[in-house]
Amino acid sequence: MAEIKTIAIIGAGPVGLAAAAHAIERGLRPVVLEQGSAVGHAVRHWAHVPMFSPWAFNIDGAAERLLAASGWSRPDPDGYPTGGELIDRYLAPLAQRTALRDAIHFDARVHSVTRSGFDKVKTTGRDRAPFALRYASAAGEQTLLADAVIDASGTWFSPNPAGSGGLTALGEREAAAAISYGMPDVLGEVRARYAGKRIAVLGGGHSAIGTLIALADLQERAPETRIVWLYRGAALSKAFGGGAADQLTARGELGMRIAKLVERGLIAVETAFQLERIERVEAGLHLVAADGGGRDVAVDELIVATGFRPDLALLRELRVELDPALECSPALAPLIDPNAHSCGTVRPHGAAELAHPEPGFYIAGMKAYGRAPTFLLATGHEQVRSIVAEIAGDHAAARRVELVLPETGVCSTRPGGPAVADSGCCGGPAPAAVDACCAADARAKASGEAGCGCGGAPVRGAAHEVAEA
Ligand SMILES: Cc1cc2nc3c(=O)[nH]c(=O)nc-3n(C[C@H](O)[C@H](O)[C@H](O)COP(=O)(O)OP(=O)(O)OC[C@H]3O[C@@H](n4cnc5c(N)ncnc54)[C@H](O)[C@@H]3O)c2cc1C
């Protein structure tokens, strides 16, 4: 009988758990190492945020099959969960009521991965050595040996800094007590911190806009609250999207709401604001722009919503090849490059595109996209289905495309709503054989251009966009 392969999975987020479910289905032995004390440790930080994709796109196939055997009742596929509901109705039952229960180790933070006995430089015999994962646990430092590794550790805990050019702003570390990253629950858990204060939100994606809208709600109840939006771009039109004419209703709605709040003067705006320096003063913070004009915004609190970047430190001893700009695998980069297109309709991809020079090692999920902001759970589920098939030796299944997204890609809004192909955005989906996000992208690439550049603004309902501007 062939020996059962052990797959070490870093992270018990939705993608790590999906990978473990596929491994169990294939008779492999998954061992999930999770730094938090419960599943969805990163998702818990945005538990209050409504997801933009419905349940139908948020549940992995293998996970669902395991859950079905446990008597689980599937949520309405057309419903939109919050992050908290994603945990309560899906991730927690998956971890508690199925065979995954015995596979997950909590409070286990992986800090380095190598080939046992082989530092990065040694080649001969390397492929035959098991992986060794060093992790910190309540019992002290431990080592796990595994035949393959899937790093599904996400990017939530390494947010981009506030400074322009990707740098930490001068004084940012010293001012940490008055800075939050991501999407703090300003209407719930941390309401007291923000009510009645002067707050700046830095960023131009949906995280920034969602937080600004929540702060405006807070302002209705605590009228002294002052909100300023620090936007790196020159004009807000990109952040607003297409309004009522937007092909994507949900994005249009969000854009129209924020546009109205700005128009009514409830949110002040500083455009082309490249943050250089944060000065702590007795009455709060001075946020100083790098434009030489001495622009200086005085606030009590700063919320930084400028996206995330992968933490690559734990992979230092592995032979990992990354795109120099996006920090994702080189084969994936042209599919997701936000400079070329932002449809978010990424061609299905799996083990082949995600392979590294270190056989048996893969990065999956949010972290697989590196710095690109358009990752979708459904894409992650397809990634791990293919990766696990490859590890199990089922190369045909690894190469087969089984993406559960609609043919039109995810440039649709609500189920039943207008999809890209119907609405004509980018001329509909790309031909299946072409490496492009949509028909226009395919045409542009065929004529030697980088891509269609469709819309410039990342698309709500198409892909989550947490970075930029
Ligand atoms: C606010 C927000 C809303 C989103 N909405 C949607 C949506 O509607 N639809 C959609 O498809 N996508 C959405 N996304 C994008 C994406 O699907 C989610 O970020 C998703 O959680 C990514 O899953 P993941 O498993 O790759 O990573 P994560 O959910 O980040 O999970 C990673 C896990 O790894 C653990 N970990 C990290 N480092 C280590 C370590 N060194 N050792 C051990 N464990 C570690 C973390 O604690 C965490 O539990 C959203 C993202 C955000 C931030």
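At 40% relative accessibility, aspartate 107 counts as partly exposed, a class that lies between buried, under 20% relative accessible area, and exposed, over 50%, as judged with a 1.4 Å probe and the protein chains only. The model is a predicted one, in which local features need pLDDT of at least 70 and side-chain atom pairs count only at pLDDT 80 or more, whereas totals for chains, interfaces and linings use all residues. Residues are numbered from 1 along each chain as its sequence is written, and side-chain values use heavy atoms, with hydrogens and water left out.

Aspartate 107 is placed in the loop between strand 3 (104-105) and strand 4, where helices (H or I, at least four residues) and strands (E, at least two) are DSSP runs numbered from the N terminus. The phi angle of aspartate 107 is near 50 degrees, which is a positive value in a residue other than glycine. A positive phi of about 50 degrees is also found for alanine 272, again not a glycine, and alanine 272 lies in the loop between strand 11 (267-270) and strand 12 (275-281). With a relative accessibility of 34%, alanine 272 counts as partly exposed.

A further loop residue is aspartate 76, located between helix 2 (61-68) and helix 3 (83-97) and partly exposed at a relative accessible area of 48%. A polar atom of the aspartate 76 side chain lies 3.0 Å from the backbone nitrogen of aspartate 78. This distance falls under the definition of a polar contact, a pair of N or O atoms within 3.5 Å; within protein, one atom must be able to donate a hydrogen and the other to accept it, and residues adjacent in sequence count only if both atoms are side-chain atoms.

The surroundings of the ligand were examined next. The ligand is surrounded by 30 residues, of which Glu34, Phe52, Ser53, Met366 and Leu377 are the closest, a residue being near when one of its heavy atoms lies within 4 Å. This shell divides into 19 nonpolar, nine polar and two charged residues, on a scheme in which Ala, Val, Leu, Ile, Met, Phe, Trp, Tyr, Cys and Pro count as nonpolar, Asp, Glu, Lys and Arg as charged, and the others, Gly among them, as polar. An oxygen atom of the ligand lies 2.6 Å from a polar side-chain atom of glutamate 34, while a ligand nitrogen atom is 2.7 Å from an N or O atom in the side chain of serine 53. For arginine 109, a polar side-chain atom is 3.3 Å from a nitrogen atom of the ligand. Taken alone, the ligand exposes 980 Å², and the protein buries 97% of that, the areas coming from the Shrake-Rupley method with a 1.4 Å probe. Helix 1 (14-25) and strand 4 (109-115) are the elements that give two or more residues to the shell around the ligand.

Leucine 377, one of the closest residues to the ligand, belongs to helix 10 (residues 377-391) and counts as buried at 12% relative accessibility. Although 359 residues apart in sequence, leucine 377 and alanine 18 have C-alpha atoms 10.0 Å apart in space.

Three aromatic pairs are present in the structure, where rings of Phe, Tyr and Trp (its six-membered ring) pair if their centres lie within 6.5 Å, and planes under 30 degrees apart count as stacked, over 60 as edge-to-face and the rest as tilted. The pair of tyrosine 369 and phenylalanine 375 is edge-to-face, with 5.2 Å from centre to centre and 80 degrees between the planes, and both of these residues are buried.

Helix 5 is mostly covered, since 12 of its 16 residues are buried, among them His206, Thr211, Leu218 and Gln219. At 1.5 Å a residue, the 16 residues of helix 5 (residues 206-221) should span 22 Å, which agrees with the 23 Å between its end C-alpha atoms; the expected span is 1.5 Å times one less than the number of residues. Aspartate 151, in strand 7 (residues 148-151), is buried with a relative accessible area of 0%, and its side chain is joined to that of serine 153 by a polar contact of 2.6 Å.
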